[in-house]
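Please keep the sequence and the structure at hand while reading.

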Amino acid sequence: MIRVAVIGTGNICPAHISAYLAFPERCKIVALCDIYPEKAERMKARFSLDDARIYDSHKKMLDCEDIDLVSVCTPPYTHAEIAIDFMRAHKNVLVEKPMASSLAECDAMLETEAACGVTMGVIAQNRFTNDVWKLKKTLDSGLAGDIVHATVDSLWWRGHCYYDLWWRGCWSREGGGCTLNHAVHHIDMLGWLMGTPERVTAVLSNVSHDNAEVEDISIAVMKYKNGALAQITSSVVDHGEEQKVILQGKEAKIAAPWSTAASISKENGFPIRNTELEKQLCDFHDQIPDLAHTGHEGEVDNVLTALETGGRPLIVGVDGRRSVELITAIYKAGFEERTVTLPLSKDDPFYTAEGIQKNVKHFYEKTTSAENLADVGITLGMSEKK
């Protein structure tokens, strides 16, 4: 039985708790922590976690011998400190996205994991959706050919008051806007599907949230070693929250949500449909079994299995770091108005959180700081919309 503590009982916490409760024979939630302990008490009552202890500081939990795994669900600027503290206390950790606010913090987390011999997973639950899982499997089949162009739309919508929450909309606390805290899901997917690009260029803006320092829309273009291009739009101003990943292979297009198209050339170079390949792709895609568990539940299942078997989770620290590096490159390219080459070095001014804060633009100054917002549900994107 794996004993679990959840740190931070805000909007994303119920997704973690529900995921753990799906495996009652394998794990048990023994503790909840929040700097507002009344929030933790409400979460305890909501999920009938009668035996869970309540803490108002994660530091009070470091010596607890009955904790094996810690879910870190706090604001991004606290992820590194909390995860490192627990790993040094020989606890395994599962860190919400984004892994941290800077590459320096990511590297410190990775070094601590290695030194302490524990396991660190990073949340990227959209890999555990059937659409994305089957897209990856279909890509790996080689039927569509090598990717030459990818289009990723990470389109969300957030009202003006979303950024009234005390830690949101601040470079020092949230670490960034929609690129870091919303598109991180899709940037993780892109890294999983295509690896790390060589060059990045981007533009950023804030068009609808004058109570936030950070961007609410960005558009980035990446170039890969083989010449392939990818573009990603990160937004919290798009009504409908339509999200998709489109991969144009040399032989065919495949996409999540699932669609495919394949072309072959006429004698004059114009296209006609390759219906045979389209059918082959659809048949391959359709025979891939659905996941037994999806979203956070799927990732928690994967992490529990890794801990039970001595293996490694699908999504580990190097994956989380890769996403943070690409996001950092997008910020650097956008604010310096130039193309950025990867990897970023440790002496780059954007390597640390302090360096980022010194070199980014404040689109607006934050004027509202609400302790809490109404708990009326959130949207998680892709096929996990609730």
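## Nonpolar cores

A nonpolar core is here a set of buried Ala, Val, Leu, Ile, Met, Phe, Trp, Tyr and Cys residues that are joined through side-chain atoms within 4.5 Å. The model is predicted, and the largest core in it holds 91 residues, of which Met 61, Met 109, Met 194, Met 222 and Leu 247 touch the most other members. The largest share of this core, 8 residues, is supplied by helix α10, which spans residues 317–336. Apart from this core lies another of 26 residues, including Ile 17, Tyr 20, Ile 29 and Leu 304. In soluble globular proteins, nonpolar side chains tend to be buried together.

The surroundings of Leu 247 can be described residue by residue. When neighbours within four places in sequence are left aside, Leu 247 is in contact with Leu 135, Leu 139, Ile 147, His 149, Ala 150, Leu 193, Ala 252, Lys 253 and Ile 254.

## Helix α7

How many of the residues of α7 are buried? The helix is mostly covered, with 11 of its 11 residues buried, and among these are His 185, His 186 and Asp 188 as well as Ile 187, Met 189, Leu 190, Trp 192 and Leu 193. Met 194, also one of the buried residues of α7, is among the members of the largest core that touch the most others. Just after the helix, Gly 195 takes a positive phi of about 80°.

## Cavities

Rolling a probe the size of a water molecule over the atoms shows where empty space is left. By residue class, the lining of the largest cavity divides into 8 nonpolar, 3 polar and 3 charged.

The second largest cavity has a volume of about 50 Å³ and is lined by Ile 187, Leu 190, Gly 191, Gly 195, Thr 196, Pro 197, Arg 322, Ser 323 and Leu 326. Here too, α7 and α10 are the elements that give two or more residues to the lining, and the residues of this lining divide into 4 nonpolar, 4 polar and 1 charged. Gly 195, which belongs to the lining of the second largest cavity, is the residue with positive phi just after α7.

## Aromatic pairs

The count of aromatic pairs comes to 7. In one of them, the rings of Trp 171 and Tyr 331 have centres 5.1 Å apart and planes at 80°, so the pair is edge-to-face. Trp 171 lies in the loop between β7 (147–155) and α6 (178–181), whereas Tyr 331 lies in helix α10, so that the pair links parts of the chain 160 residues apart.

The C-alpha atoms of Ala 114 and Met 87, which are 27 residues apart along the chain, are separated by 9.6 Å.

Terms used:
Residues numbered from 1 in each chain as written. Predicted model: local features only at pLDDT ≥ 70, side-chain atom pairs only at ≥ 80, totals over all residues. Heavy atoms only, no water. Buried < 20%, exposed > 50% of the residue type's maximum accessible area, 1.4 Å probe, protein only. Helix = DSSP H or I, 4+ residues; strand = E, 2+ residues; numbered from the N terminus. Contact = heavy atoms within 4.5 Å. Nonpolar A, V, L, I, M, F, W, Y, C, P; charged D, E, K, R; others polar. 1 Å grid on protein atoms, 1.4 Å probe; cavity = no way out; pocket = protein on both sides within 12 Å on 5 of 7 lines; lining within 4 Å. Points joined across faces, edges and corners; volume = space filled by probe spheres on them. Phe/Tyr/Trp six-rings, centres within 6.5 Å; stacked < 30°, edge-to-face > 60°.
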